[in-house]
Amino acid sequence: MTGTSDARIGMVLGTEDVTPTVFWFAVSAGASVQLDDLIVVETLKPDGRPVRFYGLVDSVRKRHEGVTFETDVEDVVAGILPASVSYAARVLVTRVDPENFIPPQPGDTVRHARGDDLKMALSADKMGQASFPGGLLADGQPLPLNFRFVNGESGGHINISGISGVATKTSYALFLLHSIFRSGVMDRVAQESGGRMAGSAGGRAIIFNVKGEDLLFLDQPNRKVADKEAEAGASKGFASDRYAMLGLPMTPFRDTQFLAPPRAGATGSAIVPHTDQRSEGITPFIFTLREFCANRLLQYVFSDAGSSLNLGFVIGNIEEKLFRLAGAQTDKGTGLKVDDWQVELSEVPPEDLEFGDLGGINLRTFDQLISYIEFKLLEDRDGEGDPKWVLKQAPGTLRAFTRRLRGVQKHLTPLIRGDLTEAEATRYRPNLLSGAQLSVVDIHNLSGPAQMFVVGVLLRQVFDHKEKYGRQDTVFVVLDELNKYAPRDDGSPIKDILLEIAERGRSLGIILIGAQQTASEVERRIVSNAAIRVVGRLDLAEAERPEYRFLPQSFRARAGILQPGTMLVSQPDVPNPVLVNYPFPAWATRGDEVDDLGRRDVVEVGEDWLH
């Protein structure tokens with residue numbers, strides 16, 4: 001027997017069918033076997049050559065042998081009836097080496113897979129330098145994940161499903177980022193690539209914070225982590241904390257930046273981030289009115305653009321007109337100057353219009369831009385509109401377009417401004433790819449339409465940048481609530497971008513770490529393109545949907561009782577999912593978790609301060 005596996009824990013049963021993919025074994029007296037244990041069995045071919053089977057325990061049972069009726073248990077316990085206890089486990093085979101798919105022989109010895117045998121069971125030997133820890137198995141051994149199925153080389157994208165608040169989807173996504181950035185796997189893979197790929201210094205992560213302000217403290221140490229890890233170690237019998245077992249530092253994220261939308265205010269008012277728990281180190285982000293037109297961002301204002309062919313045509317036409325308007329500007333400002341707006345013909349002229357010294361009107365707000373569009377579509381030429389803008393579209397379609405614009409006006413006005421100086425525009429322009437390694441974009445205070453706009457615009461910018469400069473640097477995008485941004489039944493420009501990222505992003509070095517409560521409500525192609533699938537606690541009805549067929553039936557049943565901090569992970573190298581647990585966050589997830597004392601007690605800090 002090769003490898004470093006333990007002593008015998010059982011023998012392959014002969015009373016149950018033995019196949020190359022599934023078999024049962026009887027657990028030896030004094031041995032302990034639980035769900036998710038990894039085992040190894042060696043059998044011999046008729047010519048004497050060995051074949052090894054590696055597998056995962058997915059079912060364990062005990063029952064009495066020698067009795068017939070269920071009520072006989074009382075007599076057995078009382079010593080009246082003779083009976084013995086049968087302790088057996090079912091194994092799902094994960095690998096056969098060499099690939100001779102003969103069944104094991106009843107009576108073959110079963111052992112726990114350790115050391116080299118564990119690597120074989122989880123195909124870590126195939127991963128080589130691309131292996132990085134994805135959590136801990138039930139017995140405390142790290143689960144290796146293949147980075148080549150994450151970074152786009154052999155596959156890409158990670159998808160996480162689970163009930164909100166219980167499945168801890170975002171927590172696991174952050175743990176994976178921490179493992180990728182701090183395990184050294186990016187540098188090892190980059191070295192093997194001969195310079196074709198960048199190491200950890202070239203990696204970037206963009207996280208959209210959609211719930212509360214939990215992710216605005218990722219650069220701060222968590223004061224609870226030491227106690228939580230000590231509790232976990234005691235309950236699981238680990239000799240050290242889980243970070244040490246995984247070979248990862250117990251530290252918060254480094255090289256971070258935090259972006260948040262500005263608070264609403266009058267034109268020219270101070271620009272401050274719209275956050276409550278933290279203001280220091282938070283940078284407001286703003287899109288200028290000229291950028292809105294020049295970068296063709298109008299489409300991201302409409303989440304239902306695909307619901308009407310005529311509406312989509314109008315959006316495309318107006319977007320083109322605004323693009324040309326921005327290109328015709330001769331100054332370097334952030335607003336727009338128009339010469340063909342007869343304000344006196346507008347039904348409700350906007351307030352605070354600024355007239356140029358040599359004629360024309362300077363547009364400084366999103367409200368003013370909408371009023372100008374309304375004039376060109378509905379009020380110019382005695383109510384017929386400018387023919388070049390209308391393009392023979394029905395008045396009803398044009399009014400539906402302007403109604404939608406007015407509907408999102410109050411939500412987008414703080415985000416789209418034309419009253420900034422060039423220096424302010426540069427300062428508040430979101431810079432996600434040439435700044436910090438980890439960027440958190442807080443959008444939880446924005447309304448639904450504004451969230452859709454920000455996500456769509458920033459993803460488009462990332463995609464366009466990668467199309468222009470290539471895939472050498474890897475960009476990870478963490479986005480929760482995929483069922484909102486990429487619903488299965490409805491279309492939108494944001495969904496189109498996410499589809500492009502899912503289908504072509506890995507070739508450009510854009511990796512989507514997406515999460516949702518229900519994968520059945522997310523566009524199929526986005527979920528199916530994820531090489532690594534992760535499941536936390538699921539609703540049992542949801543677990544029976546076709547999107548979870550990659551889980552064997554026994555795992556689907558268990559998904560309904562998974563506890564926070566426990567996930568089922570499926571990856572291409574291993575044909576069956578594996579249960580893992582992962583450490584308590586070393587970074588603060590809210591303000592009251594921030595460790596202001598640096599893991600020292602109050603007395604020690606006080607003495608340092610006095611001296």
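User: Which residues line the second largest cavity, and what makes a residue count as lining?

Analyst: The lining consists of His157, Ile158, Asn159, Ala502, Leu512, Gly514, Ile526 and Ala530. Each counts because a lining residue has an atom within 4 Å of a grid point of the space. Strand E9 (158–161) and strand E20 (510–516) each give two or more residues to this lining. Strands (E, at least two residues) and helices (H or I, at least four) are DSSP runs, numbered from the N terminus. The model is predicted: local features need pLDDT of at least 70, side-chain atom pairs need 80 or more, and totals for chains, interfaces and linings use all residues. Residues are numbered from 1 along each chain as its sequence is written, and side-chain values use heavy atoms, without hydrogens and water.

User: Why is a space called a cavity, and how many are there of 30 Å³ or more?

Analyst: On a 1 Å grid over the protein atoms alone, a cavity is a set of points where a 1.4 Å probe fits but cannot get out. The count at 30 Å³ or more is two.

User: What lines the largest cavity, and how do its residues divide by class?

Analyst: His178, Phe181, Arg182, Pro252, Phe253, Arg254, Gln437 and Leu438 line the largest cavity. Helix H4 gives the most, with three residues. Four are nonpolar, two polar and two charged.

User: What makes a space a pocket, and what volume has the largest pocket?

Analyst: A pocket is an open set of points with protein on both sides within 12 Å along at least five of seven lines. The largest pocket has a volume of about 1,100 Å³. Of its 48 lining residues, Thr168, Ser171, Pro564, Gly565 and Tyr582 are the closest to its centre. H4 (169–182) is one of the elements that supply at least two residues; H4 gives the most, five.

User: How do you know that the span of H6 agrees with its number of residues?

Analyst: Helix H6 (225–236) has twelve residues. The expected span is 1.5 Å times one less than the number of residues. That should give 16 Å, and the end C-alpha atoms are 16 Å apart, so the two agree.

User: Which residues of H6 are called buried, and why are they placed on one side?

Analyst: Val225, Glu229, Ala232 and Gly233 are buried. They cover an arc of only 100° around the axis, so they lie on the same side of H6. The arc is taken over directions from the helix axis to the C-beta atoms. The buried residues pack against helix H7 (242–246), where contact means heavy atoms within 4.5 Å. The face turned away carries exposed residues, among them Asp227 and Glu231.

Terms used. Buried means under 20% relative accessible area, exposed over 50%, partly exposed in between (1.4 Å probe, protein chains only). Grid points are joined across faces, edges and corners, and a volume is the space filled by probe spheres set on the points. Ala, Val, Leu, Ile, Met, Phe, Trp, Tyr, Cys and Pro count as nonpolar, Asp, Glu, Lys and Arg as charged, and the others, Gly among them, as polar.
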